[in-house]
Amino acid sequence: MWGMADRAAVAFRRAALASLLAVAVVAVATASIARADGDPASDYLLANQVFVTSASGSLSPAQHRLVDTVAAANRAGFTIRVAIIANAADLGAVTELWRQPRPYARFLGQELRLGYKQRLLVVMPNGFGFNWPGRSSAAEYKALGKMPIKPGPDGLSDSAQAAVRRLARVPLPATTSTAAAQSTGPGPVAIILVALGGLAVLTALAIFRLRRRPARPTLGRGRRRISIPRPLPLKAHLAIVVVVVLCATGAATAVVVTHGQSGRSRNTSAIGPNGAPSASQARAVVTPPPFSWPAGRRPAPEFQLRDQSGGPVSLASYRGHPVIVTFIDPVCRNVCPLEAKVLNQAVQQMPSTQRPEILAVSVNKYADARANLLKDARKWNLVPEWRWAVGSPGQLAAVWKRYKISVSASRVKVAGKTVTSITHTAAAYIVDNSGHERALFLWPFYPQDVDHVLRQLSRQA
């Protein structure tokens, strides 16, 4: 006969198994939300309302006006996000969709579907794209059909601003309720709650079936009597349900914390109908990082590589000073130089005594030659605080994995020559003087964004 200890052990194993299942369910549900891929807009628009090209390294007045217009529209209940695609580099790894705004709008809508399911406007030099998952876009395309698109980055921003105003006047179908129009789709919290609710229901059903199953002895020919343990009392089963749900909730919380806290939209003033900038637009627009963490929460993964001079470089050697850990392709000639320019500007804006170091981990194992690194230092006008971090393919891959950087290499032919194309997550971590991650920026970001975080850390030090 089994005793109470045996039955308790069985119950504990059941609860542990259910908790592991909950962890798996929540991890799967949130993995896609935090993924990084070769399409910059799909990462940036998860936490922000406007993706604009950043060839200049900072927002222009026209881009300021667009950002504030979109913020005002969302505050008024007209939910929309905008992607300005001024050149093929803004598409990351999906350059085949360049100058195809309608297919790209559908693609981007699919990429954002787990975190955002509302209006999405794409603006390219040759036209508009619009997507709203689950409904027809015919009315929106009709409204946008004859709108001209002005040339240049500022022209694209002005055209996007006019398009947002035009779309705001498109009436919703009669079957679309106000609540549905303002819904932003299931976010990470909703997914977790659904997973927990489903887990609780499944656990309750399993207990119900177990309690109804009769506990009777089973006899076999020539065998000893086998005693089936009696079910635990109802109170014990209820306790198991509570433990399972608490464990699952803890696992869900851990996953959310691991992936960071989504940045909130800026609080800006609305623009008047004539498009004149408000007082808030005269100041620099600061967009919070898409992911941030409190002090002491996330230790930055350590690594030991070598710098452009062949000397050792490690994150631990900078303890006591803030560090920007970024991931750059030394031979990249599109996005990486722009990101380097932004980081240069952010560091130069800081007081000399508070300037952080920049550790640029290479994402191209084929281009770590010292000549490439020194050429970048001259061509990109890198600040003295910039230091490259290179190593063997295995060493670099380990660092990418620890920092959740997606890197892929493909062989392509260009002008009859086979070259290696590197696609990677364009990201920059802010690490404080205690060695903990405090913020993660995904491209595009701007000098004032990084500067704002760095100054906050300097005040807390």
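Buried residues make up 46% of the 461 residues in the chain. The model is a predicted one.

Biologist: What makes a residue count as buried here?

Modeller: A residue is called buried when its relative accessible area is under 20%. In helix α12, which spans residues 393–402, Leu396, Val399 and Trp400 are buried.

Biologist: How do you know that the buried residues of α12 line one face of the helix?

Modeller: Viewed down the axis of α12, the buried residues fall within an arc of 100°, so they line one face. In general, an α-helix has 3.6 residues a turn, so residues three or four places apart point the same way.

Biologist: Which exposed residues does the face of α12 turned away from its buried side carry?

Modeller: That face carries Gly394 and Lys401. To be called exposed, a residue must have a relative accessible area over 50%.

Biologist: What follows α12?

Modeller: Lys404 follows α12 and has a positive phi, near 60°. Lys404 lies in the loop between α12 and β13, the latter covering residues 407–414. Lys404 is a residue other than glycine with a positive phi value.

Biologist: Where does Arg99 lie, and what is its phi?

Modeller: Arg99 lies in the loop between β2 (80–84) and α4 (101–112). Its phi is near 65°, again a positive value in a residue other than glycine.

Biologist: Why is Arg99 called partly exposed?

Modeller: The relative accessible area of Arg99 is 43%. Buried requires under 20% and exposed over 50%, with partly exposed in between; Arg99, at 43%, is therefore partly exposed.

Biologist: How many helices and strands does the secondary structure of the chain come to?

Modeller: The chain has 13 helices and 16 strands. Among contacts between residues at least 6 apart in sequence, 71% join residues at least 24 apart. The chain exposes about 23,000 Å², of which carbon and sulfur atoms supply 57%.

Biologist: What is the mean pLDDT of the chain?

Modeller: The mean pLDDT is 75, and 64% of the residues reach 70 or more. Over residues 15–37 the pLDDT is below 50, and this stretch has 33 contacts in the model beyond near neighbours in sequence. For residues 215–220 the pLDDT stays under 50, and the model has 10 contacts for them beyond four places in sequence.

Biologist: Where should predicted coordinates not be read in detail?

Modeller: Where pLDDT is low, the predicted coordinates should not be read in detail.

Technical notes:
Residues are numbered from 1 along each chain as its sequence is written. This is a predicted model: local features need pLDDT of at least 70, side-chain atom pairs count only at pLDDT 80 or more; totals for chains, interfaces and linings use all residues. Side-chain values use heavy atoms; hydrogens and water are left out. Buried means under 20% relative accessible area, exposed over 50%, partly exposed in between (1.4 Å probe, protein chains only). Helices (H or I, at least four residues) and strands (E, at least two) are DSSP runs, numbered from the N terminus. The arc is that of the directions from the helix axis to the C-beta atoms. Contact means heavy atoms within 4.5 Å. Accessible areas come from the Shrake-Rupley method with a 1.4 Å probe; for residues, only the protein chains shown count as cover. pLDDT is the predictor's confidence in each residue, from 0 to 100.
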